[in-house]
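Thanks for coming, everyone. Let's take a quick look at one set of side chains and how they sit together.

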Amino acid sequence: MLRLLAVMSCLFVGPALAASPLDGAWRLDSGSYVDDQGQEKDYGSLKLQGTKLLADGHFSFTTTQDGRFWAGGSGTFTAGADTYVETPQMASYPVVEGGNYHFSYTLEGNTWTLECFEDGKRVEREVWRRVTSAP
């Protein structure tokens, strides 16, 4: 009977995904993006704050502006040594054609910096800090 239960649990649980070094909870520290008119907009001056959760190849985020809901989304992600791709499955905004958002990134300690480039020009930059529990 124990053997049967062990086999059944493998069938239902499936193989575990390897943990990503990005897995965890993140808080938006700073950032900027280039708007439709080509002007860089600073997240701080827009009073944007955000939280992002990453686990087992899935992400979820919520962003507020001056304490009010601004954007949110969830889906899957893949990460290489210096590339990060989000594929939203739900979002409060229109998803770009193809549905993938490509970033280059660096991870230094608890600081994760993402950058998005279009035609060789940086159009978005976000700096996230890992949320750690109090000692």
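**Around E86**

Leaving aside residues up to four places away in sequence, E86 touches K52, F59, T76, F77, G99, N100 and Y101; contact means heavy atoms within 4.5 Å. A word on the basis: this is a predicted model, where local features need pLDDT of at least 70, side-chain atom pairs count only at pLDDT 80 or more, and totals for chains, interfaces and linings use all residues. Residues are numbered from 1 along each chain as its sequence is written, and side-chain values use heavy atoms, with hydrogens and water left out.

E86 sits in strand β6; strands are DSSP runs of E, at least two residues, numbered from the N terminus. E86 has a relative accessible area of 6%, so it is buried (under 20%, with a 1.4 Å probe and protein chains only). Its side chain makes a polar contact with the side chain of Y84, at 2.7 Å. Such a contact is a pair of N or O atoms within 3.5 Å; within protein, one must be able to donate a hydrogen and the other to accept it, and residues adjacent in sequence count only if both atoms are side-chain atoms.

Now the rings. Rings of Phe, Tyr and Trp (its six-membered ring) pair if their centres lie within 6.5 Å; planes under 30 degrees apart are stacked, over 60 edge-to-face, the rest tilted. That rule gives eight aromatic pairs. Y84 and F103 have ring centres 6.2 Å apart and planes at 45°, so they are tilted. Y84 is in strand β6 and F103 in strand β7, 19 residues apart. Both are buried. Y84 and W112 are edge-to-face, with centres 5.1 Å apart and planes at 85°.

Terms used. Helices (H or I, at least four residues) and strands (E, at least two) are DSSP runs, numbered from the N terminus. Buried means under 20% relative accessible area, exposed over 50%, partly exposed in between (1.4 Å probe, protein chains only).
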